[in-house]
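Please walk me through how to read a few features of this structure.

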Amino acid sequence: YAYVNYHQAADAERALDSMNFTDIKGKPCRIMWSQRDPSVRRSGVGNIFVKNLHEGIDNKQLYDTFSLFGNILSCKVVCDRETGLSKGYGYVHYETNEAAASAIDKLDGMLIDGKEVQVGVFMRRDTRPDQEVYTNLFIKNMPYEWDDKRLEAEFAEFGEIVSASVKMGKRKKFAKKGKKAEAKKDEDDKEDGAEDKPAEEEKPEEEEAKPAEEEAKPESTEPESLGFGFVNFATHEAAAAAVEAMNDKVYKVTEDGDEVEKALFVGRAQKKSERQAELRSKYEAEKMERIAKFQGVNLYVKNLDDAVTDDMLRDEFGGMGTITSAKIMRDAKTNNSRGFGFVCFSTPEDATRAVNEMSGKIVAGKPIYVSLAQRREVRRAQLEAQHAGGRGGGPGG
């Protein structure tokens, strides 16, 4: 982005009217009045959200459609960064709430380029309605034989269904487990029975080659079920009932000639950003749980000789108390020792005793350093505090 400052307000207005949405090196620019006060932009006053837009509508068309209801501060259609294609929604920021309300009243539910658009007040993510009120479900681990109709039929008892769709594509093929073992067993059986059977009874090579020719058929290019899909209900109550009844429901199916049991997963459909945030939160919670579990019992040991092994480390610290684990950290590629490791005791008392008695002890010809294990960010904060304290003073005199 950039700023252009004119001497005359009339010149700025003319530039805004004539140059807005013109291409600059292949990209349509958006021009608006500069707002030095960020609270004006962040307040949300006059800001509306427009969705279900036709993919052919660009910034200028959106501006021309909504400018009838008041002065627009900014207007944009959200596009995919990689393809440049419209994502089907956008934003219009009016100067006043009255103009925004008028646009919502007149355009919500109207047809624009053949599509019924939805227009409403823009709400930040943290102020949106409860995420638990959902209607769209994600279903995975489905039998591959299910199509859209079968999926809809399985969920129809819970309420009115707006749409049901099985994701189609090309499945990755994985070799069955136990194939090699079965092949080896057949070979062993042949070897065991070779002495009893005359050589004449062996099948000719020509006959053995036939099945291989039959197997070499071209793979189908038709799309097939990927084993997951979506069901969108008309009401949240129906969706919640479907989750309660269908999640973990087991179906017996035949796949690749084997009878298997498949337990469905049924839950609220989430956006990618929601899933990532949930996974990050789960990872952080597990990380903090591990940290709390080993707080005060896990020791960090460094300056270890390269010849020291896990067993040697355990033996050296064994006299201090009950050890739950002892591990030398090694290079992933070379498997060489990195010169440090960890010893975890069952009680904080044993760990404290080990710190007091083992630090400085000679192990394999080198004095080792022993301390309570700390997270990297905690150590960094302590070092920074030490350096800051050291810089505060100076030489006396």
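The dialogue below covers cores, a helix, strand pairing and backbone angles.

Q: What should I know before reading?
A: This is a predicted model, in which local features need pLDDT of at least 70 and side-chain atom pairs count only at pLDDT 80 or more, while totals for chains, interfaces and linings use all residues. Residues are numbered from 1 along each chain as its sequence is written, and side-chain values use heavy atoms, with hydrogens and water left out.

Q: Which residues touch the most other members of the largest nonpolar core?
A: In soluble globular proteins, nonpolar side chains tend to be buried together. A nonpolar core is a set of buried Ala, Val, Leu, Ile, Met, Phe, Trp, Tyr and Cys residues joined through side-chain atoms within 4.5 Å; buried means under 20% relative accessible area, exposed over 50%, partly exposed in between (1.4 Å probe, protein chains only). Here the largest core has 22 residues, and Leu137, Phe155 and Phe233 touch the most other members. Elements supplying at least two residues each include strand S9 (136-140), helix H5 (148-155) and helix H8 (236-246); helices (H or I, at least four residues) and strands (E, at least two) are DSSP runs numbered from the N terminus. H8 gives the most, with five residues. Apart from this core lies another, of 19 residues, among them Ala100 and Ile112.

Q: Which residues of helix H3 are buried?
A: An α-helix has 3.6 residues a turn, so residues three or four places apart point the same way. In H3 (residues 59-66), the buried residues are Asn59, Leu62 and Phe66. They cover an arc of only 70° around the axis (taken from the directions from the helix axis to the C-beta atoms), which puts them on the same side of H3. They pack against elements including strand S3 (47-51), strand S5 (86-94) and strand S8 (118-121), where contact means heavy atoms within 4.5 Å.

Q: In what sense do S3 and S5 pair?
A: Two strands pair if DSSP finds at least two bridges between them. S3 and S5 pair in the antiparallel sense over five bridges, with valine 50 opposite glycine 90 in S5. S3 and S8 are also antiparallel, over four bridges, and isoleucine 48 stands opposite valine 121 in S8.

Q: What is the phi of aspartate 248?
A: Most residues other than glycine have a negative phi, and most peptide bonds are trans. Aspartate 248 has a positive phi of about 70° and is found in the loop between H8 and S12. Aspartate 248 counts as exposed because its relative accessibility is 55%.
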